[in-house]
Amino acid sequence: MSDQKSLALIGVGRWGKNLLREFDKVADIRYVYHRGDKENSKWLKENYPDIKTADSYEKVLADPVIDAVVIATPIKTHHELARLALLAGKHVFVEKPITDNIKKAQELVKLAAKKKMTLFVGHIFSYHPVLAKIKQLTRHEPLKHAGFVWNKWGTFNEEMVFNLMSHDVATALDLFGSPSNIKTLENVGMVTDSDIIYAKLTFPKQRSCTIYINRASNTKNKTVTLVTAKNTYLWDNDQLFKLDKKTNSLKLVYKSTQTPLEIECAEFKRCIKTRKKPHTNGEFGIGVIRILEKLKK
């Protein structure tokens, strides 16, 4: 954002607080607008006393000083909040996924183009330094397979496919491009109708990807195993390991020093300033939703 402009954060739940923390380092946050939860209001006063709490979204959009809005609200609200912001001539950062269906996402993409505004979708893992390292490596040794495994406990109030699988689906698009076949192999409900999901994506040139998520697990881990034409790698949190085939042990080959969130927030600012097209733009967001909708069937 230019020195004369500011942004507004819409929604200050668990992830909204993280976005506020990072954007506060790189931008002037003029307003926070949320539903008025007392605990969140108290948290804002204690941690960000100088940031105004807006009493209406219309007031935020009417302020000519506001250059952009950052939307961190439930998925079903993304379309309308982003649509109104674009109509008001504001750049938009909207948390993943962009909307809850393709038609709404396509409308936002067309509107952003018409208004010449940046539309940035917050697929955070697309900005992970480890993913950047993997892309660098696989330019020289083509990727054949990726296996995503995510075990965790909780977030049972979130819709499984659009909220959780969207992370790994976006990363799969980054690594392989568009899939030629999409299939849900298993979908098991325990606490809710869907708590364990296992899916397979296949891509041209005999490449594949599997995604397994279990949110009813007593262990917590998120890893990606990557098989290339030459090597096997393991992405674990902020580290990348390579399998030493002689000793059958994992050797650390890379460790990131920046968080993907700080990179993502800085990239949004850069895209607005330079008018650069974001990597996770509206079209990328539509590509993710296209896969998610097929996985939900």
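**Figure 1. Thr210 and its contacts.** Leaving aside neighbours within four places in sequence, Thr210 is in contact with His145, Ala146, Gly147, Phe148, Tyr198, Ala199 and Lys200. Contact means heavy atoms within 4.5 Å. Thr210 is found in strand 10, residues 207–214. Helices (H or I, at least four residues) and strands (E, at least two) are DSSP runs, numbered from the N terminus. At 13% relative accessibility, Thr210 counts as buried. Buried means under 20% relative accessible area, exposed means over 50%, and partly exposed lies in between (1.4 Å probe, protein chains only). This is a predicted model: local features need pLDDT of at least 70, side-chain atom pairs count only at pLDDT 80 or more, and totals for chains, interfaces and linings use all residues. Residues are numbered from 1 along each chain as its sequence is written, and side-chain values use heavy atoms, with hydrogens and water left out.

**Figure 2. A nonpolar patch on the surface.** Trp153, Met190 and Val191 form this patch. Together they have about 360 Å² of accessible area. Such areas come from the Shrake-Rupley method with a 1.4 Å probe; for residues, only the protein chains shown count as cover. Patches are made of residues with over 30% relative accessible area and no salt bridge; like charges are joined within 9 Å, nonpolar side chains (Val, Leu, Ile, Met, Phe, Trp, Tyr) within 5 Å. Trp153 is in strand 7, residues 143–153. Its relative accessibility is 58%, so Trp153 counts as exposed.

Figure 3. Helix 8 spans residues 260–274 and has 15 residues. From its first C-alpha to its last it reaches 20 Å, close to the 21 Å expected at 1.5 Å a residue. The expected span is 1.5 Å times one less than the number of residues. The buried residues of helix 8 are Pro260, Leu261, Glu264, Cys265, Glu267, Phe268, Cys271 and Ile272. Seen down the helix axis, they fall within an arc of 160 degrees, so they line one face of helix 8. The arc is that of the directions from the helix axis to the C-beta atoms. Their cover includes helix 1 (14–26), strand 4 (66–71), strand 5 (91–95), strand 6 (119–122) and helix 6 (129–138). Just after helix 8, Arg275 takes a positive phi of about 65 degrees.

**Figure 4. Gly16 in helix 1.** Gly16 is found in helix 1. Gly16 is buried, with a relative accessible area of 1%. Beyond its neighbours within four places in sequence, Gly16 is in contact with Leu9, Gly11 and Ala72. Gly16 and Ala72 are 56 residues apart along the chain, yet their C-alpha atoms are separated by 5.3 Å.

**Figure 5. Salt bridges.** Side chains of opposite charge can pair when their charged atoms come close. A salt bridge is a side-chain nitrogen of Lys or Arg within 4 Å of a carboxyl oxygen of Asp or Glu. A search of the whole structure finds 11 salt bridges. One of them joins Lys222 and Asp168 (2.6 Å, N to O). Lys222 lies in strand 11 (residues 216–228) and Asp168 in helix 7 (residues 160–176), so the pair ties together parts that are 54 residues apart in sequence. Lys222 and Asp168 are both buried. Asp28 and Arg30 also meet in a salt bridge (3.5 Å, N to O). Asp28 is partly exposed at 37% relative accessibility, and Arg30 is partly exposed at 27%. Glu267 forms a salt bridge with Lys276, the closest N and O atoms being 2.8 Å apart. Here Glu267 is buried at 9% relative accessibility, whereas Lys276 is partly exposed at 41%. Elsewhere, salt bridges that share partners join Arg21, Glu22 and Lys25 into one network.

**Figure 6. Val121 in strand 6.** Val121 is found in strand 6. Val121 is buried, with a relative accessible area of 0%. Not counting residues up to four places away in sequence, Val121 touches Val94, Lys96, Pro97, Ile98, Glu264, Thr280, Asn281, Gly282 and Gly285. The C-alpha atoms of Val121 and Lys133 are separated by 22 Å, and the two residues are 12 apart along the chain.

**Figure 7. Helix 9 and its packing.** Helix 9 (residues 282–296) has 15 residues. Its first and last C-alpha atoms span 21 Å, close to the 21 Å expected at 1.5 Å a residue. Its buried residues include Phe284, Ile289 and Leu292. The buried residues of helix 9 pack against helix 5 (102–115), strand 6, helix 7, strand 8 (181–188) and strand 9 (196–203).
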